[in-house]
Amino acid sequence: MTVNELSKLMGCTAYGDDEALNKNVDSLYIGDLLSWVMGHAEADQAWLTVQSHINIIAVALLKEVACVVIIEDAEIPQETLDKANEEHLAILSTPLTAYEFVTKFNTVKA
Amino acid sequence: MTLIDKYNVVADSFTTAGKISSKIKDILKQLGVPSDKLRKISVACYEAEINMIIHSDGGDISLFIDDENGMVYLHFDDVGPGIPDIEQAMVPGWSTASEKAREFGFGAGMGLVNIKRVSDNFDITSSSEGTHLKVGFQL
């Protein structure tokens, strides 16, 4: 599915242009320690994290993840959104916890 | 071996971390390096860049290409306190990162481990004057 489809399916608030929202999502990845995510996330995954500072953008771009999903309504600094927009990377925001997100995803995707 | 470019890393520059790694990734992409290799090189470069930001007093990242042997090399040379015990630093999860670094999501203690895992050549030396890390990738 695309990032846009994931966002709609999960009721997220989406930030991103057409290029960002049309990227392909293969699976989900959860992690908050950037170095761990650098080592283990795969390209085309939607990355769920509570981290919303600007450093997540570099990690997301270098790993070529599909999008970043900021969970639990964590506040997203404007500089993070601006940088993501500049790099055509979608940021999704959800009130759900990572656990709730994945549970719901597995229920509704079928 | 040809030096393609050299970049300066500023200590404590947390908010621009990854900038140099992105630049190097762009250059290698333009040179036609395949995307799976590109991701590996990016992981190593980002981790080492972060290490320099967190732990050193600043330094340089140099990008080399060895056409004859089909290799990409990255050299990370910093000035700073160095790594007192490299063997300990290579243990997954071991970290001496500051509270400030941890607030930014760093300090998982996976940096050097990740770099070694993705690279084909890994050479590190360190003294109380600084650390020199050389990593190579077979294309």
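1. Let's start with B:Phe122, which you'll find in strand β4 of chain B, the stretch covering residues 121-127. Keep in mind that this is a predicted model. B:Phe122 has a relative accessibility of 22%, so it counts as partly exposed, given that buried means under 20%. Setting aside residues up to four places away in sequence, B:Phe122 touches B:Met90, B:Leu112, B:Ile115, B:Lys116, B:Leu133, B:Lys134 and B:Val135.

2. β4(B) pairs with strand β5 of chain B (residues 130-138), in the antiparallel sense and over 7 bridges. The two form a hairpin, with 2 residues between them. To see one of the pairings by eye, look at B:Thr125, whose bridge partner in β5(B) is B:His132.

3. Staying in chain B, have a look at B:Ala101 in helix α4, which spans residues 99-103. Its relative accessible area is 0%, so B:Ala101 is buried. Beyond its neighbours within four places in sequence, B:Ala101 is in contact with B:Phe14, B:Ile54 and B:Phe106. The C-alpha atom of B:Ile53 lies 9.2 Å from that of B:Ala101, although the two are 48 residues apart along the chain.

4. B:Phe106 turns up again in the largest nonpolar core, which has 58 residues. The members that touch the most others are A:Trp47, B:Ile24, B:Leu28, B:Tyr46, B:Leu74, B:Phe76 and B:Phe106. Helix α2 of chain B (residues 35-55) supplies the largest share of this core, 11 residues. As background, nonpolar side chains tend to be buried together in soluble globular proteins.

5. B:Leu74 is worth a click of its own. Leaving out neighbours within four places in sequence, its contacts include B:Ile24, B:Ile41, B:Cys45 and B:Ile61.

6. Over in chain A, 5 strands make an open sheet with mixed pairing, in the order β1-β5-β4-β3-β2. Which strands stand at the edges? They are β1 (13-15) and β2 (27-30) of chain A; each has a single partner strand, so one side of each has no neighbour in the sheet. From one strand to the next, the twist averages 25°.

7. Within that sheet, β3 (residues 45-49) and β4 (residues 67-70) of chain A pair in the parallel sense over 4 bridges. A:Ala46 stands opposite A:Cys67 in β4(A). Helix α1 of chain A (residues 3-10) packs on the sheet, where it touches β1, β3, β4 and β5 (90-93) of chain A. The direction of helix α1 makes about 5° with that of β5(A).

8. Last, the cysteines. How many disulfides does the structure hold over all chains? The count is 0. A:Cys12 is in no disulfide, and the nearest cysteine sulfur, that of A:Cys67, is 8.1 Å away, whereas a disulfide needs sulfur atoms within 2.5 Å. A:Cys12 has 14% relative accessibility, so it counts as buried. A:Cys67 is buried as well, at a relative accessible area of 0%.

Terms used. Residues numbered from 1 in each chain as written. Chains lettered and ligands numbered in written order. Predicted model: local features only at pLDDT ≥ 70, side-chain atom pairs only at ≥ 80, totals over all residues. Heavy atoms only, no water. Buried < 20%, exposed > 50% of the residue type's maximum accessible area, 1.4 Å probe, protein only. Contact = heavy atoms within 4.5 Å. Pairing = 2+ DSSP bridges. Axes fitted to C-alpha atoms, helices over the stretch in contact; angles between N-to-C directions. Core = buried A, V, L, I, M, F, W, Y, C linked by side-chain atoms within 4.5 Å.
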